[in-house]
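Reader: Please take one part of this model and describe it closely. I would like the strand pairing, its surroundings and the chain contact in one connected account.

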Amino acid sequence: MNEEPNNPFPDQPNEPENELTKVQEERDTYLSGWQRAKADFINYKKEEFARLGEIAKYGNEDLIRELIGVIDNFDLGLAALEKSGPIEKGIYIIRAQIEDILKKRGLEKINVKPGDPFDPNLAEAVTEVESDKPPGVIVEIIEPGYRLHGKILRPTRIKISKGQS
Amino acid sequence: MSKIIGIDLGTTNSAVAVMKGGEPEILENAEGNRTTPSIVAVSKAGERIVGTLAKRQAVTNPKGTIFSVKRLMGRKFTDPEIERDKVWLPYEIKAGPTGGVEVKMGDGWYSPEAISAEILRKLKTDAEAKLGEKVEEAVITVPAYFDDSQRQATKNAGEIAGLKVNRIINEPTAAALAYGLDKQKSEKIVVYDFGGGTFDISVLEIGDNTVEVKATGGDTHLGGDDFDKKINEYLVAEYKKQAGIDLSKDALALQRLKEGAERAKHELSVAVETEINLPYITSDASGPKHFTMKLSRAKLEELVREYIDRSVKLTEETVTAAPPKGAGFKLSEINEVILVGGQTRMPAIVEAVKKLFGKDPHQGINPDEVVAVGAAIQGGILQGDVKDILLLDVTPLTLSIETLGSVATPMIQKNTTVPTSKSQIFSTAADNQPAVEIHVLQGERPLASDNKTLARFILDGLPPSPRGLPQIEVTFDIDANGILSVKAIDKASGKSQSVRIEASTALSKDEIEKLKKEALEHATEDAEKKSLIEAKNQAESLVYLSEKSLRDAGDKVPEDVKKSITEKIEELKKVTAGNNLEAIQSASTTLSAEIQKIGQSMYNEEKPQDTSPPKEPGTPS
């Protein structure tokens, strides 16, 4: 790389040397451009790979979201039936089965309960009601919330206390 | 140098994008969402929260939750717009010391800039987390109608958030940038932006490296939220009619109904009918009640027709009215129309805009993200990312090779970034074929004769062999200068031929557009022709296969079977000479069933001695 240029005309060194400098500069530009392009590509592949992982993790997010709605309705149905008497145990097993399938795919119920302070990281306040609990505390869980691989898929929907009037 | 991010600081939602490897990319926030609600709150516990979290507590904290602060940015307290907004905003506002607006959040008074800065700070922090590096500079977008003080206020908000605001650009300009329309020489562009809470229409004129806003219009209080409200009202009213129960007092039922309605609205952008199912929505003395209702796209459109019509009327006014009220252009003069904002996903809106201008609007980029994407591109330009020394071109048209039946088989698809190279193995169409002709084509049509011939050459000296056996590898290579080399090599003999085509991409822009247009126009007719050719090709292969099988089987097949097959072969040959697709297909099916008798007869005979299976012909050239 560091070889002296072979100049056949020692008394006229300028022209070829200028030319050489120019060509060397061009070479450096091209080489660095090429290296960058190659690096960009390798980085892109890495990012794509990571993104594919994300897609695999969250790819069925929409489906799971809709299935959560089914579980909600299932629970509403169970609650209504329970009022009019005991329910065949098998129905509960079916419900548990659905939940189990979703659990295996990374779904996890958010653990908040009445009496906890309201944390918007986990819950969404749907309304505020009078209660004997201190203001800002969860009075009632309306809909359970869920996480998918740690990301909040749906916050727990809650009623919070505004204290006593 | 840290990256310059592009920020769409919206009235209802904001988004952030950045240039990565030469392409704009939306950055997700800490909650994993691509847009962030433009909401700031001081929680009852005194904590400052922004975005989705602020939204989750909004209902129970109306006085401490600030949304739509963009409406207040850089305005005087005496501004008629403020007078109007004061009435419905649930939080308190008052005149500031310099005549501007101040907002009460929790126990303190804040300027709109300070509130906006909270949003920007979250966007910045989340972008840093996502990128894994510090972010110090940004391009922020504002509506085209923002005046100097509103722009300055936005810039100040950025500075407060610790961002050097490199440039404030107009939202419609950003949208045009996202679609690459800034490179046009001279164009008139309309940007139709239907957001959650505002409807903006902007008319732009693009000249030599300049974008001029010719007119702006719209309605600052018309948006997708109005659509949702309308649907909700309708559902509540319908349910009252059907079940005699008023859901409007039941916060829980309303919440579920709102979600159901929103989902239905989204589904109706692709489906023509959807069903809203909300079991156990409420209960009365007779037991639990369910909400099930079908909603058709037609009904939805009927419900919101007045809003769409209004937006179209406003659009027409803004384009055609004489300056300063409008741009003073004819509708037919508009070269491009861009759709921005989530509500423009609604097919009825796309149709209405299309009808007004008589042309298809641009809508390929996610309408919720297009402005942030444009801002990121502007950031890239400022950073020098976009003007890369190594500008890579794309092939404007598909490059193909002619195969059996005059079909153009694509080798390099249009819009492939060059330099690139593709190889594929072809074969012969006849037994003992001595040579193949390589016919190089350019264009989008499926038939060779409808495309432009770039070159033809012959590869000869193929050793005698049955059809489908020779392997001829054809390689298309385009270098960075757009020069196409085509090489064909016979794998068996090693013989090769090649050609270099200098002018493969040297079509003028008009020519390229013409070819693309033709391809679209002839798509149906071309597809029919292509299926006919494919059917003929299959028929010919079948005839060949049948004749060969008959010969191979020899005496092992009874005469009557032979005769019947020969008849079916003749029949297929006859219809293949014609152009009746159905006849060819049905004759092929008949023959294909008939030749199975060869196998059957042979198995019924004694175990055969030497019968090699018939060769499957490849894709012959």
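Author: In chain A, strand β4 (residues 146-148) and β5(A) run antiparallel and are joined by three bridges. Strands here are DSSP runs of E with at least two residues, and helices are runs of H or I with at least four residues, both numbered from the N terminus. Two strands count as paired if DSSP finds at least two bridges between them. Within this pair, A:R147 stands opposite A:I152 in β5(A). This is a predicted model, in which local features need pLDDT of at least 70 and side-chain atom pairs count only at pLDDT 80 or more, while totals for chains, interfaces and linings use all residues. Residues are numbered from 1 along each chain as its sequence is written, and chains are lettered from A and ligands numbered from 1 in the order in which they are written.

The pair belongs to an open sheet of three strands in chain A, ordered β1-β4-β5 with antiparallel pairing. β1 (107-109) and β5 of chain A are at the edges with a single partner strand each, so one side of each has no neighbour in the sheet. On average, neighbouring strands of this sheet are turned by 35 degrees against each other, direction ignored. Axes are lines fitted to C-alpha atoms, for helices over the stretch in contact, and angles run from 0 to 180 degrees between N-to-C directions. α2(A) lies across β1, β4 and β5 of chain A and runs at about 45 degrees to β5(A).

The contact between the chains takes 24 residues from chain A and 19 residues from chain B, where contact means C-beta atoms, placed from the backbone, within 7 Å. On the side of chain A that touches chain B, the elements giving two or more residues are α1 (14-58), α2 (61-83), β2 (123-129) and β5 (151-154) of chain A. β2(A) gives the most to that side, with six residues.

Notes: Two residues are in contact if their C-beta atoms, placed from the backbone, lie within 7 Å.
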